[in-house]
Amino acid sequence: MMTSIFMENEETPVIGFKDLGLDKITLSAIEKKGFKVPSPIQILAIPRLLGGDANVIARARTGTGKTAAFGLPLVQSLRERNGRLRALILEPTRELAVQTAKEMQSFTEETIPHTTVVYGGASMGEQIRELKRGADIVTGTPGRVKDLIDRGVLDLTHIEYFILDEGDEMLDMGFIEDIEEIFSKANPQSRVLLFSATMPPEILKIAQKFMGEYEIVEEEGVLEEPLLIDQKYWMVRESDKIEALVRLIDISPDFYGLVFTQTKNDADTVSKLLDEKGYEAAALHGDIPQGQREKVLARFRAKKTRILVATDVAARGIDITGLSHVVNYSLPFDASTYVHRIGRTGRAGKAGMAVTFVNPREKRKLRFLQSGVAKASKGDLVQDTVPEIDEVLEEKKVRLFTQLKKDINSEKSLDEYYIKMAEELTAEEKPVEILSKVLSVMYGNTINASHYNKIKPVSEEKDERKSRDVRLKPNQTRLYIQLGKRDGFNAKKIADFLSSMLHIPNHQVDKIDVSSNFSLVNLPKEAAKKVISISKKDKNFPHVHLDSKVENNSLGGGRRNNDDKKLRGKSASDRRRSSEKSSRTQSAKTQKSGKADLYKKKKK
Ligand SMILES: Nc1ncnc2c1ncn2[C@@H]1O[C@H](COP(=O)(O)OP(=O)(O)O)[C@@H](O)[C@H]1O
Ligand SMILES: [Mg+2]
């Protein structure tokens with residue numbers, strides 16, 4: 001039985017949505033969404049919001065349906081348009097703002113109320129046009145909401161509802177001042193609603209400041225049962241995720257799992273790639289016709305397919321127990337989605353495992369997710385590493401041996417015929433040779449290192465900021481040089497070495513990135529040509545080539561003009577700035593680092 005709070009509990013009389021004062025239009029929207037029974041916070045909050053006009057603080061764990069708890073009554077009470085903005089919903093992140101706007105829209109089949117979403121990091125123009133087209137409800141992040149008020153395009157003076165969603169997250173993200181300012185511009189008569197997963201003292205302080213009198217509703221008597229789930233995350237680049245998934249499947253004795261992707265397209269791609277690698281997997285998403293979906297599910301339930309790749313929407317409401325793994329192939333947007341996803345493993349007293357793939361660019365999103373999960377008392381996401389190929393092979397070998405030994409030691413008597421065969425074979429060759437060949441014929445396809453692809457360690461990945469930072473100045477070329485930390489080099493030594501080698505000032509060796517086996521540097525084109533030709537002629541010189549990952553990187557056109565000089569002048573201050581960040585020090589004098597010295601350091 002699912003432990004989800006959204007499941008009907010047969011022992012207690014069920015309070016339905018229809019008991020909460022919701023009207024026909026709303027009930028039909030709820031049915032369409034597939035919500036069967038209201039969650040405890042919905043039972044508590046909906047009637048309170050529909051009746052009366054008190055300010056309300058509501059606390060309930062992450063993933064318990066707080067959005068609908070305020071959204072359903074809100075949408076129902078705003079069916080008439082009055083030509084003004086009627087409600088503001090503040091959300092801590094852009095994703096939540098978008099998601100909440102979508103939910104608001106899904107709570108009615110009418111065109112009114114219309115919800116518009118605004119958030120930072122996107123063009124203002126489009127959002128302003130949207131607002132001008134007329135919105136009844138606005139959801140948004142505090143920063144952008146404030147900006148739009150300041151520009152005079154968002155007017156809160158007549159709003160009837162001021163809703164702070166995910167209050168504790170807002171505090172954590174330092175939005176308090178923005179919120180205060182927004183609040184000061186809003187209709188003082190508006191009804192204030194605050195929803196939060198936890199209720200730290202700071203929240204109550206805000207409440208006192210903004211809300212005057214208020215009621216508190218909390219889900220009560222909820223046992224915070226710890227999840228029996230081992231939660232890990234792996235840092236893995238997008239392009240290595242399939243390989244990581246394959247290794248996870250292979251190292252797990254009885255993999256039976258759901259793999260979550262963000263998009264339908266990804267679900268298709270992942271299941272196809274698995275298929276190509278010889279794993280039977282199926283995809284489940286909204287574009288797959290209902291009949292087909294049911295078949296896919298039936299096969300998965302019967303464990304005929306042991307890998308199901310699904311989107312959140314498609315996986316909602318499927319009740320499948322005993323999963324060994326939930327894999328977050330794409331990072332979920334928020335803690336509530338995460339908790340929902342992983343809640344499908346580790347049921348019925350069995351420990352499950354949730355593995356979340358995080359690409360190196362998602363470190364901030366990860367931290368946000370981790371704090372959300374911790375707040376929902378759903379344990380910790382702990383970093384772990386993708387198993388090495390050796391480990392996977394060892395695990396497979398151990399499994400095979402266990403099985404073989406069981407078969408060898410079984411009571412069943414052996415057919416004479418096989419004994420004769422063995423005698424014939426061993427008459428000609430050594431048993432070890434024969435057995436190893438038999439094993440390789442039998443298991444060469446599965447227990448074989450070449451079945452796996454290499455995964456580059458994530459630490460070698462340059463982060464976004466760095467790669468943007470290497471943009472070439474006119475007349476520069478970016479080079480790869482096979483000299484790295486392993487050879488005893490740091491940025492300064494690379495600069496010293498190249499400048500003395502090429503007779504250029506030290507500062508012309510620019511944007512130096514040192515990895516363990518190699519370095520990347522920007523050099524004036526002429527100098528770059530020279531070092532490449534030296535490297536070609538001299539076998540003992542470290543290998544050098546053009547860095548192909550940089551746009552417009554070439555050796556052509558070495559003409560210098562005044563503009564170039566200006567730019568070079570500018571670059572000196574650039575460098576100063578970047579040297580403040582790195583440990584690299586610029587020295588005006590060219591240091592001698594002697595060729596002989598270098599050649600000693602060059603690795604074989
Ligand atoms: N009564 C319900 N029955 C089934 N699913 C629900 C119900 N109420 C909400 N949900 C779904 O549960 C998920 C989590 O809801 P959400 O409002 O984001 O949680 P919270 O804000 O409390 O963390 C959403 O996908 C939502 O559509
Ligand atoms: Mg929420």
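Visitor: Which helix gives the most to the shell around ligand 1?
Guide: In this predicted model, helix α3, residues 66–77, contributes the most to that shell, with three residues.

Visitor: And how many residues surround ligand 1?
Guide: The shell holds 14 residues, and the closest are Phe-35, Gly-65, Lys-66, Thr-67 and Ser-336.

Visitor: How do the residues of that shell divide into nonpolar, polar and charged?
Guide: Eight are polar, five are nonpolar and one is charged.

Visitor: Turning to the sheets, what is the order of the open sheet of seven strands?
Guide: The order is β3-β4-β2-β5-β6-β1-β7, and the pairing is parallel.

Visitor: Which strands stand at the edges there?
Guide: Those are β3 (115–118) and β7 (214–218). Each has a single partner strand, so one side of each is left without a neighbour in the sheet. On average, neighbouring strands of this sheet are turned by 15° against each other, direction ignored.

Visitor: How many bridges join β3 to β4?
Guide: Four bridges join β3 to β4, residues 137–140, and the two strands run parallel. Val-117 stands opposite Thr-139 in β4.

Visitor: What about the open sheet of four strands: parallel or antiparallel pairing?
Guide: The pairing is antiparallel, in the order β16-β17-β15-β18. Its edge strands, β16 (510–514) and β18 (544–546), each pair on one side only.

Visitor: Which residue is the bridge partner of Leu-479 in β17?
Guide: The partner is Val-521. Strand β15 (residues 476–481) and strand β17 (residues 519–524) are joined by six bridges and run antiparallel.

Visitor: Which strands do helices α20 and α21 lie across?
Guide: Helix α20, residues 491–502, lies across β16 and β17 and runs at about 125° to β16. Helix α21, residues 525–537, lies across β15, β17 and β18, at about 125° to β17.

Visitor: One last topic, helix packing. At what angle do α10 and α16 pack?
Guide: Helix α10 (residues 241–251) and helix α16 (residues 389–408) pack at about 25°, with their axes 9 Å apart. That angle makes α10 roughly parallel to α16, and the crossing is left-handed.

Visitor: Which residues meet in that contact?
Guide: Arg-247, Asp-250 and Ile-251 in α10 meet Glu-391, Val-392, Glu-395 and Lys-396 in α16. The residues of this contact comprise five charged, two nonpolar and no polar.

Key. Residues are numbered from 1 along each chain as its sequence is written. Chains are lettered from A and ligands numbered from 1 in the order in which they are written. This is a predicted model: local features need pLDDT of at least 70, side-chain atom pairs count only at pLDDT 80 or more; totals for chains, interfaces and linings use all residues. Axes are lines fitted to C-alpha atoms, for helices over the stretch in contact, and angles run from 0 to 180 degrees between N-to-C directions. Angles under 35 degrees count as roughly parallel, over 145 as roughly antiparallel, 65 to 115 as roughly perpendicular and the rest as oblique. A crossing is left-handed if the near helix is turned anticlockwise from the far one by less than a right angle, and right-handed if clockwise. Two residues are in contact if their C-beta atoms, placed from the backbone, lie within 7 Å. Ala, Val, Leu, Ile, Met, Phe, Trp, Tyr, Cys and Pro count as nonpolar, Asp, Glu, Lys and Arg as charged, and the others, Gly among them, as polar. Two strands pair if DSSP finds at least two bridges between them. A residue is near a molecule or strand if its C-beta atom, placed from the backbone, lies within 6 Å of it.
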